[in-house]
Amino acid sequence: MYKYEMHLHSKGTSACGSAESVDYIERAKEVGYAGMVFTNHFIRGNTAIDRDLPWKEFVEFYRQDWLVAKELGDKHGIDVLFGVEDGYGAGKECLIYGLLPEDIAECENFRNMPIAEISAFVRGKGGFIVAAHPFRVRGYIKNPDAEPDMSLFDAIEVYNRGNMPEDNLKAEAFAKKCGCAVISGGDTHSTGGFGFAGISLPEIMGSEKRLVEFLKKGDYTLLYDENKNDFGEKLPSRA
Ligand SMILES: [Zn+2]
Ligand SMILES: [Zn+2]
C-alpha cells in the first residue's frame, strides 16, 4: 500500500505554514509515505500571497511553491500532487483535488464564487471536493455545528489531525448518518506533523486525475494518528 498525505501546507503560500514545500520530500521518505497533495490556503484562506496580485499572477505564485516540491519529489520517487484548500464563508473551508493550476488560472471569477459554484466548477473539471474539518471548533468559525450540504461535496474530512477529538467524532457520526465518503488529513503545517494521517492507496497515483479515480471508487483506506492529535489528546479507539 502507498501512503499519501491529503492535507498539507507550506509556508511559501500558507501564512500559517512553517515548513518549506521542498522540506516535505525528505520527510515523506523518512516516514514511508509515497506522496502528498499540497492543499495550501488559497485566495479566501490564510494565504501568504498578495491577494491584490492580478489573478493569473496569484495562481502562478501558488503553483510555483508546489512545483519546486514536485520537481524535487520526481527526483526522489515521491509523488507530489496539486490541490487547494479555500474558504467559502463563515470560516468553513473546502479541499479540492484533481484540478491543475491552469484550470484555476482560467477561472478569473473563482475568488467570488459561492460554494455551489465552486462545487460545480470542480466537478465540471473532473475534480473532487471535500468538506474540510467540518465540525471544527475555532474562534474564526461562526457555526461549527452547521452540517455540510452533501449535495455539494464528494466526501468529508472525517479525521483532521488539527481538530479536537470531539470535533472528529462529530464528523464520524455525521458520516455514518449520511453514508457519505470520508477522507483523513493531517492538516500538516510542519515536517514534524507529517506522517500521521492521510490515505493508503493500492498504487502510486502519478497524477491528480488518477487520484480522483481512486477517491471516486473508494479504493483506499484511512490513516489515523492512533494516539493523539496535534493537541496531544488521546483519541478514542476506532473499530
Ligand atoms: Zn493553516
Ligand atoms: Zn488546512
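**Entry 1: a pair in one helix**

I started in helix H2 (residues 55–76), where Arg63 and Glu60 both lie, three residues apart, about one turn of the helix. Helices here are DSSP runs of H or I with at least four residues, strands are runs of E with at least two, and both are numbered from the N terminus. The two side chains meet in a salt bridge, 2.9 Å from N to O. That term means a side-chain nitrogen of Lys or Arg within 4 Å of a carboxyl oxygen of Asp or Glu.

Before going on, I noted the ground rules. This is a predicted model, where local features need pLDDT of at least 70 and side-chain atom pairs count only at pLDDT 80 or more, while totals for chains, interfaces and linings use all residues. Residues are numbered from 1 along each chain as its sequence is written, chains are lettered from A and ligands numbered from 1 in the order in which they are written, and side-chain values use heavy atoms, with hydrogens and water left out.

(Buried means under 20% relative accessible area, exposed over 50%, partly exposed in between, with a 1.4 Å probe and protein chains only.)

**Entry 2: other salt bridges**

I counted 11 salt bridges by this rule.

**Entry 3: the zinc ion (ligand 2)**

Which residues coordinate the zinc ion (ligand 2)? I got His7 (NE2), His9 (NE2), Glu85 (OE) and Asp187 (OD), at 2.0 to 2.3 Å. Donors are N, O and S atoms within 2.8 Å of the metal (3.2 Å for Na, K and Ca), and water is not among the atoms, so sites may look incomplete.

The arrangement is irregular because the angles at the four donor atoms run from 80 to 177°. (Four donors count as tetrahedral if all angles lie between 85 and 135 degrees; four count as square planar and six as octahedral if opposite donors are over 155 degrees apart and all others between 65 and 115; anything else is irregular.)

His9, in the loop between strand S1 (2–8) and helix H1 (23–31), and Glu85, in strand S3 (residues 79–87), link distant parts of the chain, 76 residues apart. His9 is buried at 0%, and Glu85 is buried at 0%.

**Entry 4: the zinc ion (ligand 1)**

The zinc ion (ligand 1) has Cys16 (SG), His41 (NE2) and His189 (NE2) as donors, at 2.1 to 2.2 Å. His41 and His189 sit 148 residues apart and link distant parts of the chain. His41 is buried at 7%, whereas His189 is partly exposed at 21%. I put the separation of the two zinc ions at 4.8 Å.

Cys180 is in no disulfide either, with the sulfur of Cys178 at 3.1 Å.

Terms used. Disulfide = S-S within 2.5 Å.
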